Amino acid sequence: MRPLELRRIPLFATMTPADLAAVATVVEPVNYQRGTVLFGVGDPCAGISVVLDGIVRLFRRTPERREVTTGIVRAGGLMALCALCGEATHRDSAEALNHVHTVEIPTAALHVLGQRCPHLQEQAMRGLLERLDAVNAAFVIAQEQIPVQLLYLLRSVARLDQAAQRHPGDTMHPLALRLSHAELARLVGTDRATVTRALRLLEEQRLIQRKRGHVTGVVLSTPDRKVPV
Amino acid sequence: MSDGGNRKVWYLRHIDLFASMTDEEVEEIAHLLDDHHIPPGVALLDHRDHDRVYLIKEGAVRLHTGGPEHQVTLALLPPGRMFGLSSTVGDADRTINATTLLPSYICFATWPKMAEVFARYPEVMFQLTRSLAEQVFRTETWLARLGMISPTARLADLLVELSDEFGEPSETGRRIRFRLTQADLARMIGVSRETVSRTMVELGRAGWVARESGRLVVRDRDALKMQANS
């Protein structure tokens, strides 16, 4: 991989050309099609993964084999954190929600790179704080009713878009990712009928927009309104 | 070095964050940090001060969000963990609060001082990164637990975790070192207090848990683990 291509990833954004060249010799770029499982719980973990493009869903399975979404990772986000803990196997599973492009930094190279480039460690820490914030929010929201959980999920997906981050506002923001009712049901951990009812409620409240059954837009911020359930 | 200074270094020595450092290096760091002994039940985070971080040397701290009626526990932190790095959850109107669960030794530091430590000792930052990753995994585990259908399985799974992380030997099993009400447990597993109450009666009848002097005791960890995985 060319060193300058790495610069567009926040993790490597402040590195010197010499450090980028060192990173470029050890990272491995990988592409995944929509729906591919990147790794599963218990799979060997060779290093941390950084998303270059696309959206990845992290999930775990309960003893009853239900899937629980534990995170949505966008471009620049970190995955396979088990490598940071020196673990040899993955603790969660990851699925590509659209076409995904990642780079993997082998575990052996991590510590050496970290010692050489303190900025890398600082950026990794920032990335982790973002993940921690997201999973804390997901934990709080998971205790709410399904319409609230769905709205949170749709907003999380919408916020992956750079334009949404600049103008969060209370207007309808388009969703780049098309998710069917069945897919939404899987992401939120409920059944399709419940999702359909919840989406109808959100649409009546003008919090989402739909076209031919798919959610095409979501209002990103309504601080003075609670979602009625 | 004074007795207080020796104790400060002793505590730091036993924290993973500084485990690979020499005694001289740990002593140097000890001088940069302010120690405070905090009794249980004290709220720690001052949201007017965004520059402060905290390191738990001894005791335990609960991170939580929401008001008294809707409080959600986000994490229970043992010694060696740092907090105060994030003051909000998701949207800015959900602030994080921290309350001691036990008599605790907490180290206060300003972020510039910690940055100084990281610059001089990159290994400390590496260990902190690792600790943060562990915290992400732990919260993901709590989130995944909410997906379990059976409230009994959820509660059993939580009690095993609490016993492993915060338990101390007692005559009849492992006693969790701090008090947790049924309402606390309910909000950690996404069920009502009444459901926890009924489930605790079931688990008590089976001989797997009990209460001694107001604290929970796990009597049969293996049975609880099997219940969680069924």
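B:R215 and B:E168 form a salt bridge (a side-chain nitrogen of Lys or Arg within 4 Å of a carboxyl oxygen of Asp or Glu), with closest N and O atoms 3.3 Å apart. B:R215 sits in strand β11 (residues 215-218) of chain B and B:E168 in strand β8 (residues 167-170) of chain B, so the pair ties together parts that are 47 residues apart in sequence. Strands (E, at least two residues) and helices (H or I, at least four) are DSSP runs, numbered from the N terminus. This is a predicted model, in which local features need pLDDT of at least 70 and side-chain atom pairs pLDDT 80 or more, while totals for chains, interfaces and linings use all residues. Residues are numbered from 1 along each chain as its sequence is written, chains are lettered from A in the order in which they are written, and side-chain values use heavy atoms, without hydrogens and water.

**Salt bridges**

- Over all chains, the count is 25 salt bridges.
- B:E168 is partly exposed, with a relative accessible area of 24%; buried means under 20%, exposed over 50%, and partly exposed in between (1.4 Å probe, protein chains only).
- B:D157 and B:R145 meet in a salt bridge with an N to O distance of 2.8 Å.
- This pair ties together parts that are 12 residues apart in sequence, because B:D157 lies in helix α5 (residues 151-166) of chain B and B:R145 in helix α4 (residues 122-145) of chain B.
- Both B:D157 and B:R145 are buried.
- In chain A, the closest N and O atoms of the salt bridge between A:R61 and A:E67 are 2.9 Å apart.
- A:R61 is partly exposed at 40% relative accessible area, whereas A:E67 is buried at 19%.
- A network of salt bridges links A:R57, A:R61, A:E67, A:E95 and A:R186.

**Sheet in chain B**

- Three strands of chain B form an open sheet in the order β4-β3-β6, with antiparallel pairing; two strands pair if DSSP finds at least two bridges between them.
- The edges are β4 (72-77) and β6 (96-100) of chain B, each with a single partner strand, so one side of each has no neighbour in the sheet.
- On average, neighbouring strands of this sheet are turned by 25° against each other, direction ignored.
- Strand β3 (residues 61-65) of chain B is joined to the antiparallel β6(B) by five bridges.
- Opposite B:T65 stands B:I96 in β6(B).

**Helix on the sheet**

- Helix α4 (residues 118-141) of chain A packs on this sheet and touches β3, β4 and β6 of chain B, where contact means heavy atoms within 4.5 Å.
- The direction of this helix makes about 135° with that of β4(B); axes are lines fitted to C-alpha atoms, for helices over the stretch in contact, and angles run from 0 to 180 degrees between N-to-C directions.
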